[in-house]
Amino acid sequence: MGSGFRWGGQQVLDDGVGDAPALPGLRGVLRSVRTPEFADTVFHEVEAKSVLNRVPGESAMPFRWTVNPYRGCSHACSYCFARNTHTYLGLDAGADFDGQIVVKVNVARVLERELRSPRWAREPVAMGTNTDPYQRAEGRYRLMPGVISALAGSGTPFSVLSKGTVLARDLPQLASAAGEVPVSLGVSIALLDRALQARLEPGTPSPAARLDLVKRITDAGLYCGVMVAPVLPLLTDSAEALDALFGRIAAAGASGATVLALHLRPGAREWFHAWLAREHPHLVEPYARLYRRGAYVDPEYRRALAERVRPLLRRHGLERGVGMLRTPAASRPDPPAPAAEQLTLL
């Protein structure tokens with residue numbers, strides 16, 4: 001690593017924790033690990049000072065709290081909106097986001113402590129809204145069982161959105177937790193085309209494997225919605241492709257589906273455009289026009305997509321949506337209207 005890497009000031013002390021708060025919310029790096037089964041990936045094991053993250057008040061998200069056991073994501077999705085968060089660590093939003101994974105090894109212990117606070121109001125906690133808690137590293141580190149136990153044991157409702165089939169390992173525990181608190185599960189499936197998916201999301205399970213995960217979740221008696229996101233303009237947005245995808249999602253037993261068009265925040269925008277230039281150079285100029293206003297696709301495109309999708313969702317009985325748990329309206333401020341585009345089809 002270069003000398004500019006911000007972990008350089010976090011020396012491991014006698015108690016195993018660095019004293020320089022060089023990373024937001026993290027006390028120190030314990031060690032960096034490479035393993036043969038994760039080629040080209042470095043895991044930076046850290047001890048976090050806090051793990052309950054408050055969502056900014058101006059956000060359109062329907063919840064106020066998140067937990068992220070990992071930073072960075074080996075799914076390597078070319079479009080991932082969270083990419084720019086890696087630059088806060090002195091890492092880049094491209095290859096470093098995919099291959100330099102921060103692992104909060106004490107996440108469950110810290111979460112238990114935070115949930116015991118008399119100020120904690122047991123508002124819903126969302127996971128998987130930034131980086132995937134069930135990415136491949138979870139098979140090695142097994143952080144989520146402790147997180148689930150802490151949330152359920154404290155009476156805190158929670159939701160999980162994931163592309164990772166590692167989630168199936170925890171289905172018995174999740175089903176048990178659902179007997180104690182409201183639990184909402186969602187699986188992200190953007191498309192069925194296996195060849196395109198392998199190039200677009202090279203570290204993720206196949207669409208077929210994720211559809212099987214939906215079935216396993218619903219067979220366990222748990223609510224499961226599907227996030228059809230992102231819909232890629234001119235690549236995965238045809239009525240035929242969406243109709244086929246919705247049919248497979250419904251057949252898997254999903255309770256509903258939410259459809260979101262691609263949005264390109266800084267970091268993700270540059271990385272995705274590089275992918276587009278390699279894979280579909282003829283679409284570079286059309287995308288420049290569609291996203292000329294910034295991160296969100298042209299409003300006219302959003303309207304056309306909504307008109308295309310609405311009858312298809314009705315046909316397959318998926319209008320209910322993902323069903324993400326919401327913070328009571330009285331406990332959260334109303335977001336500014338433009339930000340709501342992030343969570344709505346329109």
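Colleague: Start with helix α5 (residues 171–178): within how many Å do the axes of α4 and α5 come, and at roughly what angle do they cross?

Modeller: A caution before the answer: this is a predicted model. The axes of α4 and α5 come within 10 Å and cross at roughly 5°. An angle under 35 degrees counts as roughly parallel, so α4 is roughly parallel to α5. On the α4 side, the contact is made by Pro145, Ile148, Ser149 and Ala152. On the α5 side, Gln173, Leu174 and Ala177 take part. By class, the residues of this contact divide into 5 nonpolar and 2 polar, with no charged residue.

Now the other helix that packs against α4. Helix α2 covers residues 107–115, and α4 covers residues 144–153. Their axes come within 8 Å and cross at roughly 10°. These two helices are therefore roughly parallel to each other as well. From α2, the contact residues are Val107, Ala108, Leu111, Glu112 and Leu115. From α4, they are Gly146, Val147, Ala150 and Leu151. The contact of α2 with α4 has 7 nonpolar residues, 1 polar and 1 charged.

Pro145, Ile148, Ser149 and Ala152 of α4 meet α5. Gly146, Val147, Ala150 and Leu151 of α4 meet α2.

Next, the run-in to α4. Arginine 142 is found in the loop between α3 (137–141) and α4. Its phi is near 50°, a positive value in a residue other than glycine. Arginine 142 has 49% relative accessibility. The exposed class begins over 50%, so arginine 142 counts as partly exposed.

In soluble globular proteins, nonpolar side chains tend to be buried together. Here the largest nonpolar core has 85 residues. α4 gives the most to this core, with 6 residues. The residues with the most contacts inside the core are Phe158, Phe246 and Phe272.

Set aside its neighbours within four places in sequence. Phenylalanine 272 is then in contact with Ser78, Tyr79, Leu200, Leu232, Leu262, Leu264 and Tyr287.

Some backbone details lie elsewhere in the chain. Strand β10 covers residues 224–231, and proline 230 lies in it. A cis peptide bond joins alanine 229 and proline 230, with omega about -5°. Leucine 234 is in the loop between β10 and α8 (239–251). Its phi is near 70°, again a positive value in a residue other than glycine. Leucine 234 is partly exposed, with a relative accessible area of 47%.

Then the cysteines. The count comes to 0 disulfides. A disulfide needs two cysteine sulfur atoms within 2.5 Å. The sulfur of cysteine 73 has its closest cysteine sulfur in cysteine 77, at 6.3 Å, which is too far for a bond. Cysteine 73 is buried, with a relative accessible area of 6%. Cysteine 224 is also buried, at 0%.

At 46% relative accessibility, glutamate 300 counts as partly exposed. Its C-alpha atom is separated by 9.3 Å from that of leucine 290, 10 residues apart along the chain. Leucine 305 is in helix α11 too. At 1% relative accessibility, leucine 305 counts as buried. The C-alpha atoms of leucine 305 and alanine 261 are separated by 8.2 Å, and these residues are 44 residues apart along the chain.

Last, the whole chain. The protein chain has 11 helices and 11 strands. Of its 346 residues, 55% are buried. Among contacts with a separation of 6 or more, residues 24 or more positions apart account for 74%.

Back to the part you asked about. α4 is roughly parallel to α5. α4 is roughly parallel to α2.

Note on methods. Residues are numbered from 1 along each chain as its sequence is written. This is a predicted model: local features need pLDDT of at least 70, side-chain atom pairs count only at pLDDT 80 or more; totals for chains, interfaces and linings use all residues. Side-chain values use heavy atoms; hydrogens and water are left out. Axes are lines fitted to C-alpha atoms, for helices over the stretch in contact, and angles run from 0 to 180 degrees between N-to-C directions. Helices (H or I, at least four residues) and strands (E, at least two) are DSSP runs, numbered from the N terminus. Angles under 35 degrees count as roughly parallel, over 145 as roughly antiparallel, 65 to 115 as roughly perpendicular and the rest as oblique. Contact means heavy atoms within 4.5 Å. Ala, Val, Leu, Ile, Met, Phe, Trp, Tyr, Cys and Pro count as nonpolar, Asp, Glu, Lys and Arg as charged, and the others, Gly among them, as polar. Buried means under 20% relative accessible area, exposed over 50%, partly exposed in between (1.4 Å probe, protein chains only). A nonpolar core is a set of buried Ala, Val, Leu, Ile, Met, Phe, Trp, Tyr and Cys residues joined through side-chain atoms within 4.5 Å.
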